[in-house]
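Look at the structure below and keep the sequence at hand. The text walks through a few side chains and what surrounds them.

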Amino acid sequence: MVNLGNDWDQLLKDEFEKDYYLKLRKFLIQEYRTRIIYPSMYDIFNALKFTPYNKVKAVILGQDPYHGEGQAHGLCFSVKKGVAIPPSLRNIYRELYDDLSIRPPDHGFLKDWADQGVMLLNTVLTVRKGQANSHKGMGWEIFTDKVIELLNKREDPMVFLLWGANAKSKREYITNKNHLVLTAAHPSPLSAHNGFFGCRHFSKTNHFLEQYGEHIDWEIK
């Protein structure tokens, strides 16, 4: 039984009993037994554990977890301290500096953001070692669609930052006029120059939130 330790438990309890999720769970049990899967099974739901539903101020949507050893730990784009900063995150830090003059930290651990209400959610929550998108189409997308739908229903305004095609595909689930949706290219080196650099999403997020007495300190300690 999944235990998230906050208000997500009640909101998602029916989801964990649905046929698609039970099939996904069976698939994952076999995958973790027979292959190297990231992140650790104990870290799969960290995006939900670290950022309760009623605390979400912004959502950054990624694709699927990093598939290199020691990288993924359940928060999109984040790696634990001591792990080399991946290229996409380096580009995020570059845009953060260009936008708000915040100097990049010497690590890639983004829990400071999650603790402030920035949900760092991938559209797929697990992956095989060395095989990007290897768990695509196994049911995670249905689950994360539900997470987005629940966030969309909340009346308190929040910002959705959709970077890249996978994240933008969730746009149809964000219909509540209270929320702001920002889209850009993915921060990967392959696409960052096609509209991620210069998007100024960090300052735009705060400009929106400050109208409602909220703010995110984007500096990573």
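The model is a predicted one.

Start at arginine 128, which is part of strand β4, residues 127-128. Its relative accessibility is 18%, and buried means under 20%, so arginine 128 counts as buried. What does the side chain of arginine 128 make a polar contact with? The partner is the side chain of glutamate 31, at 2.7 Å. Apart from neighbours within four places in sequence, arginine 128 is in contact with Glu31, Arg35, Ile36, Ile37, His67, Ser134 and His135.

Now turn to the rings. The structure holds 18 aromatic pairs. In one of them, the ring centres of phenylalanine 16 and phenylalanine 45 are 5.9 Å apart and the planes stand at 85 degrees, so this pair is edge-to-face. Phenylalanine 16 is in the loop between α1 and α2, while phenylalanine 45 is in the loop between β1 and α3, so the pair ties together parts 29 residues apart in sequence. Both phenylalanine 16 and phenylalanine 45 are buried.

Phenylalanine 16 also pairs with phenylalanine 143: the centres are 5.6 Å apart and the planes are at 35 degrees, so the pair is tilted. Because phenylalanine 143 lies in helix α6 (residues 140-153), this pair ties together parts that are 127 residues apart in sequence. Phenylalanine 143 is buried, with a relative accessible area of 0%.

Elsewhere, ring pairs link Phe77, Trp113, Trp163, Phe196, Phe197, Phe202 and Trp218 into a cluster. Over the ring of phenylalanine 197 sits the charged end of arginine 94, 3.9 Å from the ring's centre. Lysine 111 lies over the face of phenylalanine 50, 4.9 Å from the ring centre.

Conventions: Residues are numbered from 1 along each chain as its sequence is written. This is a predicted model: local features need pLDDT of at least 70, side-chain atom pairs count only at pLDDT 80 or more; totals for chains, interfaces and linings use all residues. Side-chain values use heavy atoms; hydrogens and water are left out. Helices (H or I, at least four residues) and strands (E, at least two) are DSSP runs, numbered from the N terminus. Buried means under 20% relative accessible area, exposed over 50%, partly exposed in between (1.4 Å probe, protein chains only). A polar contact is a pair of N or O atoms within 3.5 Å; within protein, one must be able to donate a hydrogen and the other to accept it, and residues adjacent in sequence count only if both atoms are side-chain atoms. Contact means heavy atoms within 4.5 Å. Rings of Phe, Tyr and Trp (its six-membered ring) pair if their centres lie within 6.5 Å; planes under 30 degrees apart count as stacked, over 60 as edge-to-face and the rest as tilted. A charge sits over a ring if NZ of Lys or CZ of Arg is within 6 Å of the ring centre and within 35 degrees of the ring normal.
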